[in-house]
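Morning, everyone. I'll be quick.

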Amino acid sequence: MKNKTYVRACGSGFQSSRREKYGNVFKTHLLGRPLIRVTGAENVRKILMGEHHLVSTEWPRSTRMLLGPNTVSNSIGDIHRNKRKLVSALATLAACLVSVTLLLAVSQQLWQLRWAATRDKSCKLPIPKGSMGFPLIGETGHWLLQVFSKIFSHEALESYLPKIQLVIQDTLRAWSSHPEAINVYQEAQKLTFRMAIRVLLGFSIPEEDLGHLFEVYQQFVENVFSLPVDLPFSGYRRGIQARQTLQKGLEKAIREKLQCTQGKDYSDALDILIESSKEHGKEMTMQELKDGTLELIFAAYATTASASTSLIMQLLKHPAVLEKLREELRAKGLLHSGGCPCEGTLRLDTLSGLHYLDCVIKEVMRLFTPVSGGYRTVLQTFELDGFQIPKGWSVMYSIRDTHDTAPVFKDVNVFDPDRFGQARSEDKDGRFHYLPFGGGVRTCLGKHLAKLFLKVLAVELASTSRFELATRTFPRITLVPVLHPVDGLSVKFFGLDSNQNKILPETEAMLSATV
Ligand code: HEM
């Protein structure tokens, strides 16, 4: 395919050069503390399979404070206590993404700035007391897993699907009717925020209030990793203020939701949690509900917005991929030859029959993985790739570097969805070569929801919208705070009836542009 010649040029060169210099396991520093960075399927497998006995996770203090008292971070170590609250389920959900997206990316940036380390095979330096403390959080107890399995069960996803589709259709209509180009990354953030509020939490907040809540929410997110110093005008203080405002808005929405249970045709994630808490003999307090919902919004927001933006960018860069996707939709009766959109609502089995769509989403997640990796604290000294990994140190397993160096992928930097097709199935050999959602016991619990969202977005884009890059060249990609295009990706959307799915000559010309 012609487009295969276009390769990614994303901002990970600094890390890859260090990896090339120092190998798959090397010691570095983050904020003055030692950190061991780990790449490669075998090494990553050992970290991920070593959860609870070799490694564990920890939250930074400012994040713990701003996320509120009912987070899983505050219940670490409480796993054997009956006190552990159901809201931890929500907190885990959200906290995961706080950590795996912003925190990891921010820390990665700091790490780049503070990097002063050399590879030290013997690791003889004194072991610091405690770790520098990076996530992930949460002890996913047995019953919590049961709750999660309900929230992300096939049945639950099927019931979220029409709502997700509606939210996406509405958004695309708004994008298409906008006279100017839109900033895709910014709008994707709003879209995933809306999805969390409307679909997962089932809140019916008026659009205007939703817009205001989103602004406050962004302020909260911007300050969630600030130094925990509560001084006037400090980021931490702004974070606390944003959190208070958000919680007021959420309390109002929760109260309205609790009062108005009639006429609902499905159970959202919040309903399932409230119900499950009752089944476990625990009534959640308003504070727990507020903390939990705030974090759940976060969980559904940053990574999915990053992946959505990458998806749109890749469809723009590779019109032949978009056309092949449209062919698949046509073949399944989801897109008629004239280009008119699919009628009716999508179903899970329809989506799972779209194999090329699956390949496209997988390839976006491989090459533009929103989460660069996961942080762990070492519980007991162990050996990795011939090196001692000392107890108490911090380890970061790198998803992005592992994808970049996986020998199973041919032309690793090329965007080529067919690598996941039946004929090649490049991911079939060794499951830790491809891990956009992590792995082991802490594998992403929302991955099916995230993939579902991305698939619906791709189907709706392919069947209802024509879109063009509004700048001369594609923007550069930055990894901070999550992977996204610098300046957000400016795109002009049109309804599909204004064009018959043609690949425009201008778009063809743009293909030569570098990212
Ligand atoms: C494209 C979107 C997403 C990506 C790339 C992603 C990625 C990840 C990764 C890499 C991890 C493991 C981190 C580690 O090992 O430290 C993780 C964990 C997790 N994710 Fe996601 N995630 C996404 C969307 C979501 C969504 C939408 C939800 C829920 C609404 C969610 C909920 C979780 C939870 C609860 C965990 C923690 C699991 C545990 O600790 O047991 N994720 N995610």
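I'll go through confidence, then the iron site, then the packing.

Ground rules. This is a predicted model, where local features need pLDDT of at least 70, side-chain atom pairs count only at pLDDT 80 or more, and totals for chains, interfaces and linings use all residues. Numbering runs from 1 along each chain as its sequence is written, and side-chain values use heavy atoms, with hydrogens and water left out.

Confidence. pLDDT is the predictor's confidence in each residue, from 0 to 100. The protein chain has a mean of 76, with 71% of its residues at 70 or more. Helix H14, residues 355–367, has the highest confidence, at 98. Helix H4, residues 87–114, has the lowest, at a mean of 39. Helices here are DSSP runs of H or I, at least four residues, numbered from the N terminus. Two stretches to flag. Residues 1–12 are below 50, with 37 contacts beyond near neighbours in sequence. Residues 69–141 are also below 50, with 229 such contacts in the model. A contact means heavy atoms within 4.5 Å. Where pLDDT is low, the predicted coordinates should not be read in detail.

Now the iron. Which residue is the only protein donor of the iron atom of the ligand? Cys444, through SG, at 2.2 Å. Donors are N, O and S atoms within 2.8 Å of the metal (3.2 Å for Na, K and Ca); water is not among the atoms, so sites may look incomplete. Cys444 sits in the loop between helix H15 (399–405) and helix H16 (447–464). Is Cys444 buried or exposed? Buried, because its relative accessibility is 18%. The cut-offs are under 20% relative accessible area for buried, over 50% for exposed, and partly exposed in between, with a 1.4 Å probe on protein chains only. The unreviewed UniProt entry places a "binding site" feature at Cys444. Such annotations may be inferred rather than shown by experiment.

Packing next. A nonpolar core is a set of buried Ala, Val, Leu, Ile, Met, Phe, Trp, Tyr and Cys residues joined through side-chain atoms within 4.5 Å. The largest one has 107 residues, and Tyr160, Ile164 and Tyr217 have the most contacts inside it. Helix H11, residues 286–317, supplies the largest share, 15 residues. Apart from that core lies another, of 21 residues, including Ile36 and Val395.

Notes. Helix = DSSP H or I, 4+ residues; strand = E, 2+ residues; numbered from the N terminus.
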